[in-house]
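This report is written for a reader who is meeting the structure for the first time. Please have the sequence and the 3D view open while reading.

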Amino acid sequence: MQMTQPLKIAATTTPNTLATVFGEREQTWGQLQARVAKLAGALRDLGVGREDRVAILANNSDRYLEYYFSVWWTGAAVMPLNVRWSPSENAYSLNDGGAKLLFVDAYFASDVVEICSKTDHDLTLIYIGDDACPAGMLCYEDLIDSAVAIKDAEAGNDDLAGIFYTGGTTGFPKGAMLSHQCLWFNGIISAKHYYFEPGDRYLHAAPMFHLADGSGSNGASMAGATHCFLPSFSVENVIAEIGKNRPTHVLLVPTMVG
């Protein structure tokens, strides 16, 4: 039970089927696996090893999904940060979880200086935005272009897959440590519960740091469905995306629907 299995199965059985759609950017499952293997190679070159923690602070995108798979490909653990938290709260999580690297997008790049000033260890910063890479950060696409693809580390079963922080409503946030087996079973159940089939399209409208979206995302990957992405939720953007890319599934909470 490995969280890279859905990617490898889809890339093997339906390599030319569409895997991700983000704006005008599209890629197949075969292309996605190739990029993931190279990004994992770049992470390995940066010193990421088995069960190391790799964090991300970003809005939804195809690169967020690539982050998940590439970290698992190296045998490391994902650590998605809450986009609604303050820099102090996210710095607390980075310290508590011991993240070695932090992926960040354009929206949160300005918060990184304050976050890093509050962490108790040095962080390697990887910029996943489309514009010029800020000083002191590594460019995501440059890393992929220059890296050599590596074999899947095949972490699985009881190996640590991710640390997901609670809301901390009664105190400091607590990192829930979840295994590959835990997330794998959740993906299988979600695929069945949501009736995902090959050819379906799952719209990431809820934030991808949250395990509610993670459940839908894992289920869609288990079925080899297509992932579509909105950076963040708005009624207007969801309606526009439904009209443009025709998603078959979307996860929304009652306040988003109402």
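Predicted model: local features only at pLDDT ≥ 70, side-chain atom pairs only at ≥ 80, totals over all residues.

Residues are numbered from 1 along each chain as its sequence is written, and side-chain values use heavy atoms, with hydrogens and water left out.

## Nonpolar cores

A nonpolar core is a set of buried Ala, Val, Leu, Ile, Met, Phe, Trp, Tyr and Cys residues joined through side-chain atoms within 4.5 Å. Buried means under 20% relative accessible area, exposed means over 50%, and partly exposed lies in between (1.4 Å probe, protein chains only). The largest nonpolar core has 43 residues, and Val-54, Tyr-64, Tyr-67, Trp-72 and Phe-103 have the most contacts inside it. A second, separate core holds 22 residues, including Leu-81, Ala-91, Val-104 and Leu-123.

Contact means heavy atoms within 4.5 Å. With neighbours within four places in sequence left aside, Trp-72 is in contact with Met-3, Thr-4, Val-78, Asp-152, Ala-161, His-180, Leu-183 and Asn-218.

## Cavity and pocket

Rolling a probe the size of a water molecule over the atoms shows where empty space is left. On a 1 Å grid over the protein atoms alone, a cavity is a set of points where a 1.4 Å probe fits but cannot get out; a pocket is an open set with protein on both sides within 12 Å along at least five of seven lines, and lining residues have an atom within 4 Å of a point. Grid points are joined across faces, edges and corners, and a volume is the space filled by probe spheres set on the points.

The count comes to 1 cavity of 30 Å³ or more. The largest cavity holds about 100 Å³ of space. Its lining is made up of Leu-65, Tyr-68, Phe-69, Trp-72, Phe-164, Leu-183, Leu-211, Gly-214, Ser-217, Asn-218 and Ser-221. Helix H3 (62-73) and H8 are the elements that give two or more residues to this lining, and H8 gives the most, with 5 residues. Helices (H or I, at least four residues) and strands (E, at least two) are DSSP runs, numbered from the N terminus. By class, the lining of the largest cavity has 7 nonpolar, 4 polar and no charged residues. Here Ala, Val, Leu, Ile, Met, Phe, Trp, Tyr, Cys and Pro count as nonpolar, Asp, Glu, Lys and Arg as charged, and the others, Gly among them, as polar.

Ser-221, one of the lining residues, is found in helix H8 (residues 211-222). Ser-221 is buried, with a relative accessible area of 3%. Beyond its neighbours within four places in sequence, Ser-221 is in contact with Pro-6, Trp-29, Phe-69 and His-227. The C-alpha atoms of Ser-221 and Met-3 are separated by 9.7 Å, although these residues are 218 residues apart along the chain.

The largest pocket has a volume of about 350 Å³. It is lined by 21 residues, of which Arg-84, Ala-205, Ala-206, Pro-207 and Phe-209 are the closest to its centre. The lining of the largest pocket has 15 nonpolar, 4 polar and 2 charged residues.

## Salt bridges

A salt bridge is a side-chain nitrogen of Lys or Arg within 4 Å of a carboxyl oxygen of Asp or Glu. The structure holds 10 salt bridges. The table gives three of them.

| Pair | Closest N and O atoms |
|---|---|
| Lys-244 and Glu-24 | 2.9 Å apart |
| Asp-159 and Arg-50 | 3.2 Å apart |
| Lys-100 and Asp-52 | 3.4 Å apart |

Lys-244 lies in helix H9 (residues 235-245) and Glu-24 in the loop between strand E1 (18-22) and strand E2 (25-28), so this pair links parts of the chain 220 residues apart. Lys-244 is partly exposed, with a relative accessible area of 47%, whereas Glu-24 counts as exposed at 72%. 

Asp-159 is in the loop between helix H6 (140-146) and strand E8 (160-165), and Arg-50 is in the loop between helix H2 (29-45) and strand E3 (53-57), so the pair ties together parts that are 109 residues apart in sequence. Arg-50 is partly exposed, with a relative accessible area of 46%.

Lys-100, in the loop between helix H4 (87-97) and strand E5 (101-104), is 48 residues apart from Asp-52 in the loop between H2 and E3. Lys-100 is partly exposed at 31% relative accessible area.

A network of salt bridges links Arg-25, Arg-35, Asp-62, Arg-63, Glu-66, Asp-130 and Glu-141.

## Positive phi

Most residues other than glycine have a negative phi. Phi of Glu-51 is near 65°, a positive value; Glu-51 is in the loop between H2 and E3 and is partly exposed at 33% relative accessibility. Phi of Asn-157 is near 55°, also positive; Asn-157 lies in the loop between H6 and E8 and is partly exposed at 38%.
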